[in-house]
Amino acid sequence: MFNPKKIVASVAALGCAFAAFSTGAAVQAEPVSNSYSIVGSDTLEDVVNAIVNGTAITGATVRVTQNGATLGSFDATGTPYVITKPGGVRFSRPNGSGEGFNALSSSMYEGATAANNFFTSATYQGVGAVNATGNSSMPAGLKNVNVFGQVDIARSSSGDPKTTSRTGTEADATIVRVPFARDAIALAFTPSLATAVCNAGQDGDAGTPCVPYLTEAQLLSLYETTSATPSITIGVTQVTAKGIVPQSGSGTRKDFLIKIGSSSASGTESAALTAAVTAGRVAVGQEHDATNAAMTGDAVMPMSASRWIAMQNGASFDKSGTAVIGSVYTATTLGASPVSGTAPALSPSTTYYADGTWGRNVYLFVERARIDNTFTAGGAIVAGAKYDENLAALLAPANNKLSNSETTGASKVGKVKLLFGFLAPSSTSLAYYAPAYTGSK
Amino acid sequence: MKKNILRAGVVVAAAAMLIGNLAPAQAAYQSNGSFGALHLYDGSYALTSSGTWAGQVVGSASATASDTVLACPSTSTGAFTFLSTSANTGTPASWNAKAPLTFSSGTKNILQPDLSPASQVNGNADGVKTNGGTYNLGVACTSNSGVTLQAAFFRTITVTAGTGAWTAAATAVESTGTSLPTPTWSVTTVSAHDGREAGSVWVGDVLTASKAQPAVFPADYTTTFQWKRNGNPIASQTAATYTVVDADGYAKISVDVVYTAEGTSVTKTSSQTPMVLGGSAVLGGTVTMSAGVSGISNGFLELSIPANAAASFGASTIENNYSVTRGTLGNVQINDTRWITTDGWDLQADVATFVSGANQIAKSNLGLVPNVVVASTKATGVTAAAGTVAGTATYPTAIASAAKNADLGETGVTVLNANLTLRAPRATVAGTYTSTVTLTLATK
């Protein structure tokens, strides 16, 4: 019989030993949540951390708590595992929007299929770079962990991270999507590539600094290249470049590939992309980390504009390295910079964020029956039986809680989001999804 | 004697230092003990005084702006929002509930603290909600890792048991001003005088008032100044500085600071300066006389006088077929404490015509013979004048004088009196005749 408490105790003791005798990277245990736990997207982790852990970035202390209890938000990357609740099980760390959605699904599953309660991350962190081998080196004890009740909210930079969209009336539409903010996907260039692109004529800023931009067609060509020495055609110039995609499970990866046409709307990545990744013509690197190992030479990677702003403003740990922010050219962005101003007062470009393709709303996913007291899942549950007024209040945009978007006033959560590079979502409408499971690995 | 003035000056300076060093810790500028006024704003940043248990409410030092910071004392190392009984407000360990706050970057200021009772995540806020009652809700500035309270801004709220809905009592300035600082003065421009002693104040000096306010002080107070001469306001002198004028010679100057907040004013008065030196002081005063004159057929005399300078007359008698009334002016005290300059003085008297309706007695008919009341007089060098003789008197006339450079004795006090003789002309109609004696004291 699986005994989660026993494993927790033994590893905690190991942690103590390391702390006592090691001066290197200590085995760290994150505190558990005092109420609800939040996992998932890397894109949203810093802003959600700030909101739930408390921040004074606006000048006022802003901290979202609920009914006298603090929340816990867990990063997408860090140690290989997390424990989210007091006395909770240790499970592999959900890395990104898709895995957050999976973990939420498994956490809320109450049916007879045991594997649906299992969660296994596709990455095994803390033991080396994330790579295509995923969790193959993960110890058996971290695989297929029953995470029932361990995850309450999933952060997602993708509107449909596991392609399970439903209408609100379908019986299995048991997950609801709550708009959180609006972000945009920009591009991060290595300095040499930025200079080459600008010099070739694709500079979105007449002055300095240079704002390199690429078109969607140029990106598609780069990410599905069959050449061993990939390049971008700009006018008559061939600019050597290498594309980087975020790790599997990343909401930004999924969004980016759909937007450039390398993935179907349902998230099935193209054979050409897969072949390019497998052959190493396209590299894989941790999302939003412009210091990842692949970001050398002439390389470009998708970059959340909000993360870039937060890093430049000092709101987030700065993983921008020497990279240069650039944009994707569309009829509305015209290649202009996705950000305006200068750090530490860098702010979103409302024009770029408004772009129908490259601007994107970001979301929180939560079990529908917990915040909707009329939902019955087609008769499977009694209306209101699972309703949690505290969780509902936590996600109501009218409250100064997780979904707030008011940007006037230092005490407002929306103001914190703005300083982390997020604008208000373009819509506050809810949407509905069926769960998705990682199954038995 | 000179040493006395010097000593007084030293005492004043020491008092000013003590006030300046007063720590603002826990000073209560509000009647409920709060360090300053705390105004509450709802989720729309509208001023409010009530709320639900979990509703949005933030605090501000201003009644008109939601984003005026609460300034913690510089000694603060941490801050919390808190919910506590009144008795335990000063004891962080005994608060009902609290939540940590962060100062605005680079300051000790708290901006828009989240005062929603439900946001007080540490402690037992639920107990407050369940039991209801009266509590203090606000912001505490602390040190020693939250153990020691440096200052607390709070409102007294009444919580409804069960729902947790609450109503805040109005802010109210602590009207006795117990914690308000006492202002001080200092000589900031020193006028040149021969033999000037340290600590003395001279005509021509510039005095500057200090409110002695702590660096951290409730932002809603306004302050005004009023300079005073011998405790009486000097017209139009309401600036922070005051130039000592000739009229201040031999008087004492002080300054009031009037603290006003929320319509309540509290006045705090500085100590007085030592007596101002220099200047050409002329001191004056009047004594009212009222004497009855009887008819030639044996009448009487009567007198009414101010209580503090009593002139008294005996009954009139008929002497040589004149109505003659004798009396005394009453003691007049001159206090000359010009220890350093010992200028000396002259006292003279003028007398107005005695009047009874349309009838008059010329002032030449009042005889006035001054004398020094030796038992009460400490000054030396004082000489009473010869005075006047009824019937041939002329006024003004000298009463007494003190010689320049004479020793002023232990107290500088001279007490004078005068014998009065009113001899009415024979044709005088019987009646009550009134007059005044005007005494004028002038420095030599």
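Modeller: Bear in mind that this is a predicted model. Between chain A and chain B there are 8 residue pairs in polar contact, counting pairs with both residues at pLDDT 80 or more.

Biologist: What classes of residue are on the side of chain A that touches chain B?
Modeller: That side of chain A has 12 polar, 5 nonpolar and 3 charged residues.

Biologist: And how many salt bridges between chain A and chain B?
Modeller: The count is 0 salt bridges between chain A and chain B.

Biologist: How many residues are in contact across the two chains?
Modeller: On chain A it is 20 residues, and they are in contact with 15 residues of chain B.

Biologist: What area is buried between chain A and chain B?
Modeller: About 1,300 Å². Carbon and sulfur atoms give 43% of that buried area.

Biologist: Changing topic. Where is Ser73(A)?
Modeller: Ser73(A) is in strand S4 of chain A, which covers residues 72-73.

Biologist: Is Ser73(A) buried or exposed?
Modeller: Ser73(A) has a relative accessible area of 11%. Buried means under 20%, so Ser73(A) counts as buried.

Biologist: Which residues does Ser73(A) touch?
Modeller: Leaving out residues up to four places away in sequence, Ser73(A) touches Ile38(A), Val48(A), Asn49(A), Val52(A) and Arg155(A).

Biologist: What joins the side chains of Ser73(A) and Arg155(A)?
Modeller: A polar contact of 2.8 Å.

Biologist: And the side chains of Ser73(A) and Asn49(A), what joins those?
Modeller: Those side chains are joined by a polar contact of 3.4 Å.

Note on methods: Residues are numbered from 1 along each chain as its sequence is written. Chains are lettered from A and ligands numbered from 1 in the order in which they are written. This is a predicted model: local features need pLDDT of at least 70, side-chain atom pairs count only at pLDDT 80 or more; totals for chains, interfaces and linings use all residues. Side-chain values use heavy atoms; hydrogens and water are left out. Contact means heavy atoms within 4.5 Å. Buried area is the accessible area (1.4 Å probe) that two parts lose on being put together, summed over both. A salt bridge is a side-chain nitrogen of Lys or Arg within 4 Å of a carboxyl oxygen of Asp or Glu. A polar contact is a pair of N or O atoms within 3.5 Å; within protein, one must be able to donate a hydrogen and the other to accept it, and residues adjacent in sequence count only if both atoms are side-chain atoms. Ala, Val, Leu, Ile, Met, Phe, Trp, Tyr, Cys and Pro count as nonpolar, Asp, Glu, Lys and Arg as charged, and the others, Gly among them, as polar. Helices (H or I, at least four residues) and strands (E, at least two) are DSSP runs, numbered from the N terminus. Buried means under 20% relative accessible area, exposed over 50%, partly exposed in between (1.4 Å probe, protein chains only).
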